[in-house]
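Please consider the model shown below together with its sequence. The paragraphs that follow lead from the overall fold to individual residues.

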Amino acid sequence: YTSAHYKNTPNDLQMLSDAPAHNVFVLLGPTAESSSNNNNKNNSNEGDQLPDILAIVQTSLEGKLSRKTIQAQLARGHRSAGDLIPWTMSQQFGDNNFAQLSGARVVRVAVHP
């Protein structure tokens with residue numbers, strides 16, 4: 001069962017594979033360890049099962065923009081694609097130093113119910 005307020009598209013998967021600043025982190029459930037390797041030779045598939053996926057988070061690494069780039073883009077009233085939080089903070093608060101910092105923005109979170 002999956003419930004979401006947005007729908008994923010094949011373009012989302014393409015963006016994830018093409019964007020070097022995007023990362024996916026997965027939280028896996030515990031794995032069942034066999035009590036003894038010798039006792040389970042007949043059930044060799046038992047230890048080959050994948051653990052349950054409990055949660056996934058997609059992040060985007062942003063920031064580290066040069067001061068020259070920030071000033072040139074803001075003077076024209078234009079901002080480059082990407083780096084959503086640094087550009088927004090620089091524009092809204094007039095702080096050109098903020099975009100020189102770096103951080104990770106959470107793009108999506110999925111949790112198994």
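Helices (H or I, at least four residues) and strands (E, at least two) are DSSP runs, numbered from the N terminus. This is a predicted model, in which local features need pLDDT of at least 70, side-chain atom pairs count only at pLDDT 80 or more, and totals for chains, interfaces and linings use all residues. Residues are numbered from 1 along each chain as its sequence is written, and side-chain values use heavy atoms, with hydrogens and water left out.

The protein has 3 helices and 3 strands, and from the N terminus on these elements follow the order α-β-β-α-α-β. Its accessible surface, computed by the Shrake-Rupley method with a 1.4 Å probe and, for residues, with only the protein chains shown as cover, comes to about 9,000 Å². Carbon and sulfur atoms hold 53% of that surface. Residues are called buried under 20% relative accessible area, exposed over 50%, and partly exposed in between (1.4 Å probe, protein chains only). Of the 113 residues in the protein, 15% are buried. Contact means heavy atoms within 4.5 Å. Among the contacts with a separation of 6 or more, 65% join residues 24 or more positions apart.

Strand 1 spans residues 22-28 and includes His-22. His-22 counts as buried because its relative accessibility is 14%. Its side chain makes a polar contact with the side chain of Gln-58 at 3.0 Å; such a contact is a pair of N or O atoms within 3.5 Å, where, within protein, one must be able to donate a hydrogen and the other to accept it, and residues adjacent in sequence count only if both atoms are side-chain atoms. Apart from neighbours within four places in sequence, the residues in contact with His-22 are Met-15, Leu-16, Gln-58, Thr-59, Ser-60 and Val-107.

Strand 1 also contains Leu-28, which counts as partly exposed because its relative accessibility is 45%. Leu-28 belongs to a nonpolar surface patch of about 380 Å², together with Val-24, Val-26, Ile-53 and Ile-56. Patches are made of residues with over 30% relative accessible area and no salt bridge; like charges are joined within 9 Å, and nonpolar side chains (Val, Leu, Ile, Met, Phe, Trp, Tyr) within 5 Å. Strand 1 and strand 2 (53-63) each supply at least two residues of the nonpolar patch, and the largest share, 3 residues, comes from strand 1.

Strand 2 holds Thr-59, which is buried because its relative accessible area is 9%. Leaving aside neighbours within four places in sequence, Thr-59 is in contact with Ala-21, His-22, Asn-23, Phe-25, Arg-105, Val-106 and Val-107.

A salt bridge is a side-chain nitrogen of Lys or Arg within 4 Å of a carboxyl oxygen of Asp or Glu, and by this rule the count comes to 1. The partners are Glu-62 and Arg-105, whose closest N and O atoms are 2.6 Å apart. The pair links distant parts of the chain, with Glu-62 in strand 2 and Arg-105 in strand 3 (residues 102-111), 43 residues apart. Glu-62 is classed as buried because its relative accessibility is 7%.

The loop between strand 2 and helix 2 contains Lys-64. Although Lys-64 is not a glycine, its phi is positive, at about 60°. Lys-64 is exposed because its relative accessible area is 65%.

In helix 2 lies Gln-73, which counts as buried because its relative accessibility is 10%. Not counting residues up to four places away in sequence, Gln-73 touches His-78, Arg-79, Ser-80 and Trp-87. Between Gln-73 and Trp-87 there are 9.5 Å in space, C-alpha to C-alpha, and the two are 14 residues apart in sequence.

Which residues of helix 3 (residues 84-93) are buried? They are Pro-86, Trp-87 and Ser-90. Seen down the axis of helix 3, these buried residues fall within an arc of 95°, so they line one face of the helix; the arc is that of the directions from the helix axis to the C-beta atoms. An α-helix has 3.6 residues a turn, so residues three or four places apart point the same way. The buried residues of helix 3 pack against strand 2 and helix 2 (67-75), while the face turned away from the buried side carries the exposed residues Gln-92 and Phe-93. After helix 3 comes Gly-94, with a positive phi near 60°.
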